[in-house]
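Dear colleague,

Please find the structure below, together with its sequence.

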Amino acid sequence: MKLRYYILTSAIVLSMFGCKKELDLLPQQSLSDQIVFNSPATTLSALRGVYSTAQTLDFYGSLPQVIGDYMGNNVDFVGTFPTLQDLNNFSAVSTNSNVQVLWQIHYQVIARANTIISKVNGVEGLSAEEKSQYIAEAKFLRALAYFQLANFFSQPFQVSAGTNLSVPLVTADFTGTIEFPSRNTLSQVHAQIIQDLTEASGVLPQSYADAAETRGRATKGAAFALLSRLYLYREEWSKAESAARSTLSQGIYDTAPNYSFYSGNTSEDVFTIQNSAIDNGRTGSGGWASYYNPAAVGGRGDAPFSQDLINAYTSEPGDRRYNLKNSGTAADGLPHFFTSKFPDAVNNSDNSPVIRTTEVYLNLAEALAHQSATPNAEAITILNSRIRSRAGLTAKTVVSQQALIDALLIERRKELAFEGHSRMDLLRNRQPLRVGNAPAAFGGAKTVLPIPQREIDNNPGLQGQQNAGY
């Protein structure tokens with residue numbers, strides 16, 4: 001069974017749950033391209049289906065982001081799920097079921113985006129502009145999926161300059177032809193992401209008529225913002241600067257005056273996946289608040305603040321970001337602090353913050369700092385006027401390039417905590433995920449996830465390409 005066929009059948013199986021009545025009338029396996037892409041309305045529905053898949057728990061519904069924060073140093077995972085504890089303890093195996101579903105859902109997003117890209121041009125009744133936009137939106141979502149896969153399943157660029165193996169690139173629509181794709185290198189995957197985002201940025205609109213769509217649908221600014229993050233991860237500082245400036249030049253993004261913007265679809269949001277109480281069975285599968293809230297308010301109490309993060313917040317008195325917390329009993333039966341960024345632990349309707357304006361400013365400042373042998377004045381202004389001032393902290397005086405970079409990374413950590421950035425920010429800066437833990441050392445085998453054993457067993461192209469240590 002080839003990987004692309006397996007991806008397709010996985011999508012079918014996962015689509016069956018909760019859709020039985022529709023399947024009785026028209027099985028998902030029997031849906032043809034002629035039915036799905038036979039009108040502008042059904043084509044738009046297909047595109048919205050890709051966004052809907054991106055809401056899934058194992059894509060941007062919180063689980064990969066929670067994993068990113070507890071494999072990093074912001075969260076103590078005290079939950080009882082053995083497969084998640086294995087990731088927390090850097091003892092995962094290749095049959096880990098959470099890793100398997102994470103891979104599966106990401107390729108489901110990719111497969112559905114590939115279909116949009118392949119079929120949209122043949123739809124009658126769509127204008128040329130609509131066709132180009134729908135393809136651009138699908139490319140943005142495909143890029144987001146590949147970026148997240150690459151971050152989890154391959155060592156960061158800093159280990160071997162991108163020559164190491166990453167994940168298989170599948171960019172064509174499924175045709176029934178048997179293929180067994182092997183893993184591409186990290187730089188090849190990054191090149192595809194760059195191509196998708198660059199092409200998308202030239203077509204996507206600056207905004208939409210509806211505020212929720214402007215913040216929750218792919219835009220020109222969102223494509224540039226994701227590019228800025230990728231270039232930052234690759235240490236291509238001038239390109240990261242240029243992409244960040246391109247986002248900010250759109251004129252619709254600004255840092256919020258306080259921290260009440262979450263789920264608000266404000267100028268703080270560059271791209272935010274829109275969620276509601278009825279999306280994708282979220283009340284059953286959980287979401288951000290399920291992990292990040294104690295049982296007293298409807299959560300599981302799995303992912304409280306780490307002591308290391310508490311120390312970062314309290315190293316200077318009066319940090320307002322430390323006020324974004326609740327206290328309660330965690331899954332381990334002990335009292336802990338939990339973030340209040342995601343309050344709806346009953347319905348899990350909180351939006352998923354993929355890219356925020358604050359991150360774009362931090363990307364810009366870090367890129368500027370790395371390009372100057374002396375402390376960059378604009379980066380210092382961003383640090384103090386955009387970031388520290390809002391947090392209630394006094395302006396920081398920096399006397400060297402490295403001191404500025406260090407200060408920006410500390411603020412980045414505190415600003416973006418509980419949004420999934422911790423693990424990659426440590427790895428790209430050649431830091432251990434846990435100090436004193438050998439498997440968590442920079443470049444360590446268990447700092448990346450295993451290629452799911454099921455994929456290796458079903459795809460001869462992956463034979464002998466398992467990540468080291470598994």
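The largest cavity holds about 210 Å³ of space. Of its 16 lining residues, Tyr 60, Gln 148, Asn 151, Arg 229 and Gly 420 are the closest to its centre. Two or more lining residues come from each of helix H5 (63-71), H8, helix H12 (220-233) and helix H20 (422-428), and H8 provides the largest share, five residues. By class, this lining has seven nonpolar, six polar and three charged residues. Here Ala, Val, Leu, Ile, Met, Phe, Trp, Tyr, Cys and Pro count as nonpolar, Asp, Glu, Lys and Arg as charged, and the others, Gly among them, as polar.

Please note that this is a predicted model, in which local features need pLDDT of at least 70 and side-chain atom pairs count only at pLDDT 80 or more, while totals for chains, interfaces and linings use all residues. Residues are numbered from 1 along each chain as its sequence is written, and side-chain values use heavy atoms, with hydrogens and water left out.

The terms are as follows. On a 1 Å grid over the protein atoms alone, a cavity is a set of points where a 1.4 Å probe fits but cannot get out; a pocket is an open set with protein on both sides within 12 Å along at least five of seven lines; and lining residues have an atom within 4 Å of a point. Grid points are joined across faces, edges and corners, and a volume is the space filled by probe spheres set on the points. Helices (H or I, at least four residues) and strands (E, at least two) are DSSP runs, numbered from the N terminus.

By this rule there are four cavities of 30 Å³ or more.

**Helix H8**

H8 (residues 128-153) has 26 residues and should span 38 Å at 1.5 Å a residue; its end C-alpha atoms are 37 Å apart, which agrees. The expected span is 1.5 Å times one less than the number of residues. Because 22 of its 26 residues are buried, H8 is largely enclosed by the rest of the structure. Buried means under 20% relative accessible area, exposed over 50%, and partly exposed in between (1.4 Å probe, protein chains only).

**Second largest pocket**

This pocket has about 510 Å³ of space. It is lined by 24 residues, with Asn 73, Leu 409, Arg 413, Leu 426 and Gln 431 nearest its centre. H19 gives the most to the lining, eight residues, and the lining divides into 10 nonpolar, eight polar and six charged residues.

**Strands and loops**

Strand S4 (residues 352-356) has five of its five residues buried, so S4 is largely enclosed by the rest of the structure. S1 and S4 run antiparallel and are joined by four bridges (strands pair if DSSP finds at least two bridges between them); Asp 269 has Arg 356 in S4 as its bridge partner.

Two residues other than glycine deserve mention for a positive phi: Ser 263, near 65°, and Phe 418, near 70°. Ser 263 is in the loop between helix H13 (237-248) and strand S1 (269-273) and is partly exposed at 36% relative accessibility. Phe 418, in the loop between helix H19 (401-416) and H20, is buried, with a relative accessible area of 1%.

With kind regards
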